[in-house]
Structure formats: structure tokens, C-alpha cells
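Please look at the sequence and the model below. The report that follows describes selected parts of the fold, one heading at a time.

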Amino acid sequence: MNLNKVTVDDINVAGKKVLVRCDFNVPLKDGVITNDNRITAALPTIQKLINDGGKVILCSHLGKPKNGPEAKFSLAPVAVRLSELLGKEVVFADDDTVVGDNAKKAVAEMKDGDVVLLQNTRFRKEETKNLEPFSSELASLAEVFVMDAFGSAHRAHCSTAGVTDHIKDTAVGYLMQKEINYLGNAVETPVRPFVAILGGAKVADKLNVISNLLEKCDTLIIGGGMAYTFLKAKGYEVGTSLVDDTKIDYCKEMIKKAEDLGKQLLLPIDTTITKDFPDPIDAPIEVTVVDSNKIPADMMGLDIGTKTAELYADAVKSAKTVVWNGPMGVFENPILAKGTIAVAQSLADTDATTIIGGGDSAAAVIQLGFADKMSHISTGGGASLEYLEGKVLPGIAVIADKK
Ligand code: ATP
């Protein structure tokens, strides 16, 4: 797909102050970064701007601070890790107001190729409401704006959208380009057969994704908690499985839509059942596998069964493009992770282009050791889902089109 946006390869930043919106929203435990994927993913753009002699001013949000500044959401650990990864100093401008005296002083002292990281943009209450004066304050620091935070591109916030009301020289970074190329190509111009796999807890979370992907793909595979509403829509008894009764008609509509379009819609033919939901979630439990139309009234389905795992693996085997979002079962429990592992394995074994749409499925693939076997693992859960729904992401829309 041709992304018709100005990119960092189209601009000349030598000697200029460049504000870069990154997605440094990394998981932290007791102040220690437990997964730095999002920082590594941002490096190519930062390195390019340094090499070109820009003054690189980075910003990001981290977590969800409620009422302004909170020490546990400081970006300080990110500055340290980033500095290690770049092999050069990253000045951390620690301002509770983000664009305060420290930030202004740090920016004023920058030489070409220097890097400054601002404090968490969500320390400002305007950020998530996209309100002034924060957008203009951020913009006042720089002459060029680069958007590289794919994971935040589905939100119109000051640092992802509002800032472009004041800076007209804009571009997308390499990470944005890569995410949009993979997800965009898969959905808009897939090499066929194109198989989409959707799982996760609830149908309601993925209504538009199901409908949009059904139009684009050749085969839609449904697993996870959301499968049981589909099975009930087919008239099956699903026992105490997770069901959204308000979405049964929707599922019937989707089953009909698949028929009308001549698309294959695969649902679990067997399912792994248990009496009670494990508590704690990873507690040892006893399970049996039954056909999907034979779930007893007092049992719940918590994973796809073995025959289903084979059916889904077969569909993946003949695919040329696969997009996957959402686990096939309660993968947090090793006994109920088998379906998710089987699907991850089938993606790892294929030569098809394989794209993991962020969120829990990305975490599962990384945790299970399949990361380097996938063509692309999206850094944005919510953003990739909205992209798969066919929505225009505000953080992309605000960037200048190529002339
Ligand atoms: P994200 O929203 O972060 O992108 P996701 O889309 O990959 O995540 P979710 O919709 O959040 O997935 O659902 C993941 C959760 O669904 C997991 O915690 C898993 O335990 C749960 N889940 C999967 N299958 C079932 C099931 N059969 N019954 C109940 N819960 C399930």
C-alpha cells in the first residue's frame, strides 16, 4: 500500500528542532521497565533524525495518571534505557508541566544531533482532551513535528493531533510507516488467500472488526470467549460459557453475511470445558474436550479443542496472508493455553505474511517465544484494531500529504 503521507525521508531537519511523538508507554514494575519493545521500535526514526543533524525532542505518555503529575508515571526510566540503547546522552527534561522551565532550558541548550526527552504528556490535563494551551506550548518548542507513536495514533490528543494546529511541517516516522504498510497491505491489498483470526473475550469489543474483515478476507476464524455467542447464534447449547445475549442477532447477521459473500467463517468444532473458571486464573484445573454442540448445561468453554486447533492450523497452512488478534482461550492458564499455542505455532510454521495485531495476542506470541517467526507484531493493540475496522486514525490524518 502506498502511504500518501510525508515521511522522515522527505524532510530535511538539519539544524532544526524536531518534536517527535513516540509511544514510550512501556510496562513498569517498581520503576523497572519489564519490556522495552516500544523503545527499540522507536530507535530507527530517532537515529535517522540524529544522523541528519536535527535537535531531537521526544515526547510520549506513560500509563494513565489521573490528576496530573504522579512520580510512578515519570518517563525518567525511559530516558535511562533510551540513552543506553542509543549510546548517547538523553537529557531528561523533568517538568511537572511538561513544557516548563527545565524543558525550555534543555531545548535552548541543544546542539545539532542532541536528544531531549520531555516528561509524560499526560501530566497535563489538557492532553487527553486535546485542549489548549498545551498543544501550542508543545508546538512552541519545535519547528517540525514527527508522528511515530502508532500505539497512540487512534487518539486525537494534544501530542498526537493538536500540536499540528501550530506546526505545519509534519511527517510520519519509520515505525508508523511500517505499521501502516503491514496492516494496510494486509487489509487493502492482501496476497490471497487471506485468513483473519479473531479471539479474545467479548464479541462486543470487535463488532466492526468482524464485519470489516469479513469483507476483506477469504476466511474468518473465530476463537476465544467471543466464539460462544456465535455458537449460541447457531442454536447450540453453550452451558455457562461467556455469552453476550444482546449480540446473538449480530452474530446471526455475520454468519449470513459470510454466506452471502461466499466467505468461509470458521467456528470451534470442539471446545475445552470445565466446571468453574479457574481462581486464581492460573490454578490447576480439570478439563475435558467435547464437540461444540455437546457442551453440558453446567460447564463452560475456556479454550478451543484439539480438532479445532487442527482445523485452524490447516486454514493457516494454505494462507498467504494471516492477521491475528485475540487469544483462542484463557491463555493465562497453561492448561487453557493450548489452543492459543497451536495457532501461534501454525503461524510460526507458515511462509505466509503473518501479522499480530497487538494486545494480548502479541504478548502471548512474544511470551511463547514465537516473536521472531512473525512478519510483524504491531506495537499498538487499540490502534491496530481500529485500523482493522477500516477507521481513519486521527494521528495519521493530521500529517501532511505528500505533494
Ligand atoms: P487487547 O484488547 O489488549 O488487544 P485482545 O484483543 O488480544 O487484547 P481481549 O479481548 O482483551 O484480547 O481478551 C483477552 C482475554 O480473553 C484474556 O484475558 C483471556 O483469558 C480471555 N478469554 C479468552 N477465551 C476466553 C473464554 N473462552 N472465556 C472467557 N475468557 C476468555
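This is a predicted model: local features need pLDDT of at least 70, side-chain atom pairs count only at pLDDT 80 or more; totals for chains, interfaces and linings use all residues.

Is Val322 buried or exposed? Val322 has 28 other C-beta atoms within 10 Å, so it counts as buried, the cut-off being 20 or more.

Leaving aside residues up to four places away in sequence, Val322 touches Val195, Ile197, Val316, Leu347, Thr350, Ala352, Thr354 and Ile355. Val191 can be compared with Val322 in two ways: 131 residues separate the pair in sequence, while their C-alpha atoms are 9.6 Å apart in space.

## An open sheet of six strands

Six strands form an open sheet with parallel pairing, in the order β5-β6-β4-β1-β7-β8. Its edge strands are β5 (90-93) and β8 (170-172), each of which pairs on one side only. From one strand to the next, the twist averages 25°.

Within this sheet, strand β1 (residues 17-21) pairs with strand β4 (residues 55-59) in the parallel sense, and five bridges join them. Which residue of β4 is the bridge partner of Leu19? The partner is Ile57. Helix α2, made of residues 76-86, packs on the sheet and touches both β5 and β6 (115-118). The direction of α2 makes about 170° with that of β5.

## The shell around the ligand

How many residues surround the ligand? There are 19, and the closest are Gly200, Gly225, Gly359, Asp360 and Gly381. Sorted by class, the shell has five nonpolar, 11 polar and three charged residues.

Strand β14 (300-304) and helix α11 (359-367) each supply at least two residues of this shell. Helix α11 gives the most, with three residues.

## The chain as a whole

The protein chain has 13 helices and 17 strands. Its radius of gyration is 23 Å, close to the 22 Å that the globule rule gives for 403 residues, so the chain is as compact as a globular protein of that length. Along the principal axes, the C-alpha atoms fill a box of roughly 70 × 45 × 35 Å.

Buried residues make up 48% of the 403 residues, and Val322 is buried too. Among contacts in the chain with a separation of 6 or more, 75% are between residues 24 or more positions apart.

Note on methods
Residues are numbered from 1 along each chain as its sequence is written. Two strands pair if DSSP finds at least two bridges between them. Helices (H or I, at least four residues) and strands (E, at least two) are DSSP runs, numbered from the N terminus. Axes are lines fitted to C-alpha atoms, for helices over the stretch in contact, and angles run from 0 to 180 degrees between N-to-C directions. Two residues are in contact if their C-beta atoms, placed from the backbone, lie within 7 Å. A residue is near a molecule or strand if its C-beta atom, placed from the backbone, lies within 6 Å of it. Ala, Val, Leu, Ile, Met, Phe, Trp, Tyr, Cys and Pro count as nonpolar, Asp, Glu, Lys and Arg as charged, and the others, Gly among them, as polar. The radius of gyration is taken over C-alpha atoms; the globule rule is 2.2 Å times the number of residues to the power 0.38. A residue is buried if 20 or more other C-beta atoms lie within 10 Å of its own, exposed if 12 or fewer, and partly exposed in between; C-beta atoms are placed from the backbone.
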